[in-house]
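Hi,

Here is the structure I promised to pass on. Have a look at it first, and then read on for what turned up.

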Amino acid sequence: MEQTMKGYLFRLLNHEELSREEMKTILIGITHSEYPTEQITALLTCLQMRGVTVEELLGFRDGILETGVPAILNSDRYIDVVGTGGDRKNTFNISTTACFVIAGAGYKVAKHGNYAATSVSGASNVIQHHGIKFTDDIDKLNRSLNECGIVYLHAQLFARAMKYVGPIRKALPFPTIFNLLGPIVNPSRPQCQLLGVANLDQMRLYNSVYQKIGIDYGIVNSIDGYDEISLTGDFKVTTNNYEHLFSPKDLGFAIAKPEELVGGATEEEAAAIFDSVLENRALPAQKNIVLANAAFGIQVLEKGEKSIEECVEIARESIDSGKALRTFKKFAELNS
């Protein structure tokens with residue numbers, strides 16, 4: 001098996017691409033401790049220098065899902081809203097807050113997340129801060145989805161392969177293929193996803209990935225480098241149905257200031273912003289940013305059959321009526 005990895009490395013040094021099946025085999029081999037650390041490090045470095053292909057990314061995704069814990073949910077249509085991370089903007093928990101707004105509007109959500117990598121508070125930080133306990137118990141997960149419309153899947157309980165590469169990733173000074181995998185390894189395999197990316201190269205990559213996976217999707221990028229709709233300027237959206245450059249005023253929103261998006265210096269401060277949005281007492285910009293991201297998620301769930309203006313109003317009603325907050329309270333009650 002070691003000789004095989006040497007063969008893969010030799011091909012990568014010759015600028016060759018690996019197939020989806022080969023990448024899946026490598027990932028499974030990593031989980032069986034079949035390769036020395038030095039060879040895995042070389043593999044990750046080669047891929048990063050050349051740039052990962054769609055087939056290579058899908059191969060690692062196949063391997064992670066096959067070696068991980070599945071989350072089989074009793075619903076045929078639900079969404080995950082997630083960002084790639086790594087934009088180093090330290091925003092508040094926009095995707096996570098939007099998920100509760102979407103669930104409050106009566107849709108189903110399976111949010112996949114982890115602790116923060118580059119910001120103060122990741123999805124798992126803010127969820128855990130409220131006393132919620134992570135679980136991979138399928139009965140408990142389905143009860144949460146059925147009774148309050150949302151379930152939280154803490155990545156570390158499901159993607160077993162990640163622990164084998166954790167120390168290597170920490171030792172490397174650059175992102176690797178594993179940074180690209182987070183958004184596409186939700187163990188429940190959702191039929192809908194809204195993904196925020198930090199640049200247009202990533203938008204093109206994931207656009208091809210989602211077309212191969214065959215789900216309903218929306219990919220968003222703020223032109224000034226946020227991996228979500230920041231409303232600080234124009235933003236691009238690509239879905240199954242269209243590709244369009246929007247400005248905040250197209251949705252009826254004012255332009256936000258970057259400082260209005262900051263998640264604070266501590267986990268407590270980030271959690272306080274999350275609470276203030278759901279309780280409808282946040283800064284107008286904070287509420288609008290959540291509404292914008294939730295609205296595009298709702299449009300994906302609706303297969304693009306509702307206008308974005310309609311979807312903004314559905315999201316607004318979820319917050320203004322108190323449904324989003326009630327959904328979160330019920331979620332906390334079921335999962336604490």
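Cys192 is buried, with a relative accessible area of 0%. This is a predicted model, and the values here are computed from it. The closest cysteine sulfur to that of Cys192 belongs to Cys99, 12 Å away, which is too far for a bond. Cys99 is buried as well, at a relative accessible area of 1%. For the sulfur of Cys99, the closest cysteine sulfur is the one in Cys148, again at 12 Å and too far for a bond. A disulfide would need the two sulfur atoms within 2.5 Å.

On the H5 side, the residues in contact are Phe100, Val101, Ala103 and Gly104, and they meet Lys323, Ala324, Thr327, Phe328 and Phe331 in H15. Sorted by class, this contact has six nonpolar residues, two polar and one charged.

There is another helix pair to look at, H2 with H4. Helix H2 covers residues 20-31 and helix H4 covers residues 54-67; their axes come within 7 Å and cross at roughly 40°. The two are therefore oblique to each other, and H2 passes H4 in a right-handed crossing. Which residues of H2 meet H4? They are Arg20, Met23, Lys24, Ile26, Leu27, Ile28, Ile30 and Thr31. Their partners in H4 include Glu55, Glu56, Leu58, Phe60, Asp62, Ile64 and Glu66, and the glycines Gly59 and Gly63 are also among them, as is Thr67. By class, the residues of the contact of H2 with H4 divide into eight nonpolar, four polar and six charged.

You'll find Ser121 in the loop between strand S2 (109-113) and helix H6 (123-129). Is Ser121 buried or exposed? With 5% relative accessibility, Ser121 counts as buried. Leaving aside residues up to four places away in sequence, Ser121 touches Asn93, Ala116, Val126, Glu267 and Ala270.

Cheers

How values were computed:
Residues are numbered from 1 along each chain as its sequence is written. This is a predicted model: local features need pLDDT of at least 70, side-chain atom pairs count only at pLDDT 80 or more; totals for chains, interfaces and linings use all residues. Side-chain values use heavy atoms; hydrogens and water are left out. Axes are lines fitted to C-alpha atoms, for helices over the stretch in contact, and angles run from 0 to 180 degrees between N-to-C directions. Helices (H or I, at least four residues) and strands (E, at least two) are DSSP runs, numbered from the N terminus. Angles under 35 degrees count as roughly parallel, over 145 as roughly antiparallel, 65 to 115 as roughly perpendicular and the rest as oblique. A crossing is left-handed if the near helix is turned anticlockwise from the far one by less than a right angle, and right-handed if clockwise. Contact means heavy atoms within 4.5 Å. Ala, Val, Leu, Ile, Met, Phe, Trp, Tyr, Cys and Pro count as nonpolar, Asp, Glu, Lys and Arg as charged, and the others, Gly among them, as polar. Buried means under 20% relative accessible area, exposed over 50%, partly exposed in between (1.4 Å probe, protein chains only).
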